[in-house]
Amino acid sequence: MSLLLPPHCASQSLKIPVIAAARGGKCKRMMMNCKTKCRARMSMNKKKKQVWVWTENQQAMTTAVERGWTTFLFSSPHLATNWSSIARINPLFLKDGDIYDVDDQIVATVSSISTPEELKQFQPTDEQPDNVIVNLLDWQAIPAENIVAAFQGTDKRVMAVSKTPEEAQMFLEALELGLGGVVLKVEDVKAVLDMKEYFDRIDEVGTPLALTRATVSHVQMTGMGDRVCVDICSLMKPGEGLLVGSFARGLFLVHSECLETSYISSRPFRVNAGPVHAYVAVPGGKTCYLSELKSGKEVIVVDQSGNQRAAVVGRVKIETRPLILVEAKAEIDNETVYSTLLQNAETVALISPNKGNGSANMAIPVTALKVGDEVLMRVQGGARHTGLEIQEFIVEK
């Protein structure tokens, strides 16, 4: 029996026995490397996703154009002519079950699938144009995954007709790689806005955050407080964690509990992030309080190089524990003091700029933290309102 790996790994004929994987060692490292490559490839593919908009709502069209989507599908040439006078668009026309451009050249075929037999017959062929549109009349995750698997490695772009942003997201993420795009068939502006927000989050993941070195200037044990453990629905590797701080202007990179110690097993899904009042970085360039996190929300996982990815929160644990205060000054501003509080425990660590082979070079437990140690921070604008940065006078201390 062997583990089922993502398509990228399977293409390399990499098989890892379950027993060997459970024993750890080399197999664990192979799986981690494989996952890293898959995530990189997934991110790369998501950047290439296309969105065609199929709508008769002029406001929805205008909103889509304002957000960079200019390919529209029409069933009426008259409507396309009217809209082309409003904005520069790429009109496509639905005719005889296929899609044509303004020169009456076929650009995509359309296949409607509602049965397992039709799904089985839906395979890539040389006769198909570069774009293939599939309309899953009874949309489900498994058919989408089967289509991704069938067309993987071909030069065909498969796009799915989606009537909601939720449908579109499912198609774009099926089997991690997802389909090549979606035809968003909607009549309301909110659906267009929600779809654009989703793509903004994807683009954000491909843009590394600027992290700065900071030198610890003060460490002090304090009293008890309610601290938050954030358990996410994905695994973190050494050097990854969450950005947390007492003030949004400076967030410390807190390491996950993926490193094993003599006293406790590895929990690579968890970050012991800090007390309930602290800010944590979330998608969209926003922050929220740790106390506001709950199952289903998203946070930003960041590594030593600033590479970021969104992760879904699976569980939040709030418990009363002894705390320790950490203050630091960033190298770009030696005057401002940034601070955070963390649980005073060996499993809680800050991430350092050092990138050696040993875990000691990248994570410093707060119990061993001392003045002069270097840690990584995210320094940003000061004032925040409902998690968004604003320009106003503010004093925080």
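Which residues of helix α4 are buried? In this predicted model, the helix spans residues 58-66, and its buried residues are A60, M61, T63 and A64. They cover an arc of only 165° around the axis, which puts them on the same side of α4. An α-helix has 3.6 residues a turn, so residues three or four places apart point the same way.

Now turn to the other face. Away from the buried side, α4 carries the exposed residues Q59 and E66. What lies over the buried residues? The cover includes two strands, β1 (50-54) and β2 (71-74). It also includes two helices, α5 (77-84) and α9 (189-205).

Look next at the two ends of α4. At its start, a side-chain oxygen of N57 reaches to within 2.8 Å of the backbone nitrogen of Q59. After the helix comes G68, which has a positive phi, near 95°.

Step back to the whole protein. It has 9 helices and 22 strands. Of its 397 residues, 45% are buried. Consider the contacts between residues at least 6 apart in sequence: 60% of them join residues at least 24 apart. The protein exposes about 19900 Å², and carbon and sulfur atoms supply 51% of that area.

Charged pairs come next. Side chains of opposite charge can pair when their charged atoms come close. The whole structure holds 13 salt bridges. One of them joins the side chains of E319 and R227, at 2.7 Å from N to O. This pair links distant parts of the chain. E319 sits in strand β16 (residues 308-330), R227 in strand β9 (residues 212-232), and the two are 92 residues apart.

How exposed is each partner? E319 is partly exposed, with a relative accessible area of 24%. R227 is buried, at 5%. The pair also belongs to a network of salt bridges that links R227, E319 and R321.

The side chains of K237 and E240 meet at 3.3 Å, N to O. E240 has 4% relative accessibility, so it counts as buried. The side chains of K370 and D373 meet at 3.2 Å, N to O. Here K370 counts as exposed, because its relative accessibility is 51%. D373 is buried, with a relative accessible area of 12%.

Notes. Residues are numbered from 1 along each chain as its sequence is written. This is a predicted model: local features need pLDDT of at least 70, side-chain atom pairs count only at pLDDT 80 or more; totals for chains, interfaces and linings use all residues. Side-chain values use heavy atoms; hydrogens and water are left out. Buried means under 20% relative accessible area, exposed over 50%, partly exposed in between (1.4 Å probe, protein chains only). Helices (H or I, at least four residues) and strands (E, at least two) are DSSP runs, numbered from the N terminus. The arc is that of the directions from the helix axis to the C-beta atoms. Contact means heavy atoms within 4.5 Å. A polar contact is a pair of N or O atoms within 3.5 Å; within protein, one must be able to donate a hydrogen and the other to accept it, and residues adjacent in sequence count only if both atoms are side-chain atoms. Accessible areas come from the Shrake-Rupley method with a 1.4 Å probe; for residues, only the protein chains shown count as cover. A salt bridge is a side-chain nitrogen of Lys or Arg within 4 Å of a carboxyl oxygen of Asp or Glu.
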